[in-house]
Amino acid sequence: MIRPFDFSLPNQLNAKEPPERRGIRRDQVRLLVISRATGGLEHARFDVLGKFLRPGDLLVFNSSRTLPAALTACGATGPCIEMRLAQHLPDDSWLALLVCKAGDPFGCGLRVGMHLDFGRDLAAEVLERDERIPRLWKIRFSKTGSELLDSIYRLGQPIRYEYVSAPWDLDYYQTVYAREPGSVEMPSAGRAFTWKLLFALRQQGIDFAHLVLHTGLSSYLDDELDRTHPASEEEYFLSQMAADKIDRARQRAGRVIAVGTTVVRALESIALENGKIKSAHAYTRLQIGSDHELKMVDALLTGLHEPEASHLDLLTAFLPAPRIKAAYSEAIREGYLWHEFGDLNLII
Amino acid sequence: MPRLNGKNILVTGASQGLGRQLALTFAHEGAIGLSLIARHLGPLQKVRDEVGEISKRTNVLAVEADVGKISDIERLVATTLDAFGGRLDVVVNNASTIGSAPMPFLLDYPLEDFQNVMNTNLIGPFLIIKNILPAMVENGGSIINVTSDAGATGYPGWGAYGISKFGLEGLSQTWAAELEETGVRVNWVDPGNMTDMCA
């Protein structure tokens, strides 16, 4: 996929800590609003989101909960390896990124048949290399179901990238409305919502629906591979209740506003599959770009994306690339913050 | 029809006493899912077996966790929501610790012991409610915090425990007020003196 435009992100625009640790509430981050109709920009604070919405609009959230998806295995004689979970597969195995803790991140003899010991009776075996994304390995844990989840929570840490300033606890990587555990990275577009704001929006006549799309990794710690950003396959669930709400919103001419690119991906996948909205549980590899005609989603609340991120392509389904480029240039000039603890962008 | 037909319920302090009795009663009343939380897995598994004798259709999750530890709370919430498909109807914050024994006067209370009591009896319930709420708001639900008359009257020697229960009542009132417009009810119950069956 061709990147819609390029830019370099100044280091000081990496959000290094959660807003609550920068002296503001989580809903006081900045909001860059872009009009789909005119391309006009407006600078606001996130807690006035309601100003840009109308009664009858529907916010669709991804309620997937973030797992502590980074685990460390040190064999008695082998190297210490950090394993970053990427995806839970239907046969109960997992795809995972394996990274050597010392030296070359991929140069410590990673191979099929490796036995990984995480302690506390949890182990895994490396079954094969993934065909599509060669940095990922298929692995099988010694436990499954609730027992495995329990062990992951006992042993794991949230996946953190080098731009964060401290090993923030898992709690900082959750949205307030998170339910089912399964995302390996936080679906961060919704992080700024507080219950107070949600209640206020509800009183304003805004409706809410939830789906679940367990996110995969945003980086494979391999610049070349990240530049090609192959779309990972992600599992999603949409309940009948949520489907009905979307249907009703569209019938009353309310706008369907996706909170996060994951929601766009899930809803547009369902639209492609069924032609209409109904409950679904499936996997998607859908890549959305400028040639994609949006069928279910009218607006998008999202973070600010890195130049190499596939999410940037997705934005071109909402706006022509030059308009996004202009908005991003403005965001850089105005000192907006990027990444999971950063500022937000509403395209409406 | 049983009163709790189809309900998913989480009970802390479920391995003995009131928590165990509640688990058995909930199963009898038709609960479809029970997440039973306690610090020791052995006694909890016995309760799970007892529930199984009452109701074959109840999905029982036994989670070894200390509600006084912040890291355990995220784990117990996540495993519960995973097992119940993200939906929960009732939470009973029953786990409690009495604190130092024999119970010293507040004047003599060791700080660390005081903090441990607050963690289990007050901060734990706060965090459980905070984390579990997303699973209850959409469909409504009921949160029950177990208090004590030591949380209504200050008794000599009941220092940390009584103060934590005062706090739990305040926590319940505040949650109830903040959640007034949702379908989630928050109540606090003082069960009075326990008999041997429940102690």
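**Figure 1. Secondary structure of chain A.** Chain A contains 7 helices together with 17 strands. The coordinates shown here and in the following figures belong to a predicted model.

**Figure 2. Overall dimensions of chain A.** Along its principal axes, the C-alpha atoms of chain A occupy a box of roughly 60 × 45 × 40 Å. The radius of gyration of chain A is 20 Å, which agrees with the value near 20 Å that a compact globule of 348 residues would have.

**Figure 3. Interior and contacts of chain A.** Of the 348 residues in chain A, 59% are buried. Among the contacts in chain A with a separation of 6 or more, 71% join residues 24 or more positions apart.

**Figure 4. Surface and charge of chain A.** Chain A carries 42 positive and 46 negative side chains. The centres of these two sets are 5 Å apart.

**Figure 5. Helix α6 of chain B.** Helix α6 of chain B spans residues 159-178, 20 residues in total. From its first C-alpha to its last, the helix reaches 29 Å, close to the 28 Å expected at 1.5 Å a residue.

**Figure 6. Buried residues of α6(B) and their packing partners.** The buried residues of α6(B) include G159(B), A160(B), Y161(B) and G162(B). Also buried are S164(B), K165(B), L168(B), L171(B), S172(B) and W175(B). In chain B, the buried residues of α6(B) pack against helix α4 (111-132) and against strands β5 (141-146) and β6 (184-189).

Definitions and conventions
Residues numbered from 1 in each chain as written. Chains lettered and ligands numbered in written order. Predicted model: local features only at pLDDT ≥ 70, side-chain atom pairs only at ≥ 80, totals over all residues. Heavy atoms only, no water. Helix = DSSP H or I, 4+ residues; strand = E, 2+ residues; numbered from the N terminus. Rg over C-alpha atoms; globule rule 2.2 N^0.38 Å. Buried < 20%, exposed > 50% of the residue type's maximum accessible area, 1.4 Å probe, protein only. Contact = heavy atoms within 4.5 Å. Lys, Arg positive; Asp, Glu negative; His and termini not counted. Charge placed at Lys NZ, Arg CZ, Asp CG, Glu CD. Expected span 1.5 Å × (residues − 1).
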